Amino acid sequence: TKAEKDVILNLLLSLHEHLAIVAGHHDCGDQQYPNRSLSRDEVTEYLLAQNRDFKEFIDNSLEWIIRADQDVGIRLSGQVADDPVTDVSEISWLESTHPRMPFACRFRRALLTVTSKVLLVAVAVGFVWSVVCYVKYRWRREEEETRQMYDMVERIIDVLRTHGEACQENRDLEPYLPIPHVRDSLVQPKDR
């Protein structure tokens with residue numbers, strides 16, 4: 001009848017609301033809610049406290065949840081958590097699949113999520129930036145070493161050219177220079 005359907009609908013709405021609040025507070029770490037789900041006895045006690053008329057319709061409502069082909073926001077489970085429930089007598093625990101968290105908790109969780117993602121992006125950007133800076137540093141260092149090598153080659157050629165010109169003017173000079181002599185004339189003792 002229409003009156004019975006209204007009672008069952010009110011019972012399910014009240015149950016859904018209560019289970020969502022319990023799951024939400026549990027997910028937020030509220031010590032007052034140590035479990036995310038409620039036992040069947042706790043659910044019955046809560047529903048009877050809401051409305052004594054619910055007493056006759058609790059089993060019918062649970063049967064309707066079992067038979068529903070879609071997610072109604074209430075998960076029914078037996079003694080073993082993941083076993084599917086096929087009969088009202090097998091139901092031991094009821095849990096909301098859509099927890100309702102207090103605003104402060106939702107805000108804190110959202111802030112934590114955003115902060116962790118921003119921090120992750122910052123770490124990634126910092127890592128990429130440090131790699132780019134290191135590569136630039138290596139390139140500059142290699143260019144500097146190459147430039148110093150070419151400068152040293154030019155200075156060695158200048159020393160040999162000067163010595164060659166001196167040999168043209170003065171035949172008494174040897175037409176060669178020992179490598180240690182060239183090195184000593186170009187590199188300061190402290191840099192050798």
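Modeller: Let's start where helix α1 ends: G29 follows α1 and has a positive phi, near 85 degrees. Helices (H or I, at least four residues) and strands (E, at least two) are DSSP runs, numbered from the N terminus. Before we go on, this is a predicted model, so local features need pLDDT of at least 70 and side-chain atom pairs count only at pLDDT 80 or more, while totals for chains, interfaces and linings use all residues. Residues are numbered from 1 along each chain as its sequence is written, and side-chain values use heavy atoms, with hydrogens and water left out.

Biologist: Thanks! What span should α1 have, and how far apart are its end C-alpha atoms?

Modeller: The 26 residues of α1 should span 38 Å at 1.5 Å a residue, and the end C-alpha atoms are 37 Å apart, which agrees. The expected span is 1.5 Å times one less than the number of residues.

Biologist: Which residues of α1 are buried?

Modeller: Among them are I8, L11, L12, S14, L15 and H18. Buried means under 20% relative accessible area, exposed over 50%, and partly exposed in between (1.4 Å probe, protein chains only).

Biologist: And what do those buried residues pack against?

Modeller: They pack against β1, α2, α3, β2 and β3.

Biologist: Let's zoom in on S14. Why does S14 count as buried?

Modeller: Because its relative accessibility is 15%. Apart from neighbours within four places in sequence, S14 is in contact (heavy atoms within 4.5 Å) with Y46, L47, Q50 and F54.

Biologist: Nice. Switching to strands, how does β2 pair with β3?

Modeller: Strand β2 (residues 74–77) runs antiparallel to β3, and four bridges join them. Within that pairing, S77 stands opposite W93 of β3. Two strands pair if DSSP finds at least two bridges between them.

Biologist: What about β1 and β3?

Modeller: Strand β1 (residues 38–39) pairs with β3 (residues 93–96) in the antiparallel sense, over two bridges. L38 has L94 as its bridge partner in β3.

Biologist: On to charges. How many salt bridges are there in the whole structure?

Modeller: A search finds twelve. For each one, a side-chain nitrogen of Lys or Arg lies within 4 Å of a carboxyl oxygen of Asp or Glu. In general, side chains of opposite charge can pair when their charged atoms come close.

Biologist: Which residue does E17 bridge to?

Modeller: E17 forms a salt bridge with R100, with the closest N and O atoms 2.1 Å apart. E17 lies in helix α1 and R100 in the loop between β3 and α4 (103–169), so the pair ties together parts that are 83 residues apart in sequence.

Biologist: Where do D59 and R40 lie?

Modeller: D59 lies in helix α3 (residues 58–67) and R40 in helix α2 (residues 40–50), so this pair ties together parts that are 19 residues apart in sequence. Their side chains meet in a salt bridge at 2.5 Å, N to O.

Biologist: And how are R147 and D151 placed in α4?

Modeller: They are four residues apart in that helix, so about one helical turn separates R147 from D151. Their side chains meet in a salt bridge too, at 2.7 Å from N to O.

Biologist: Last one: which residues are linked in a network of salt bridges?

Modeller: That network links D27, R36, R75 and E95.
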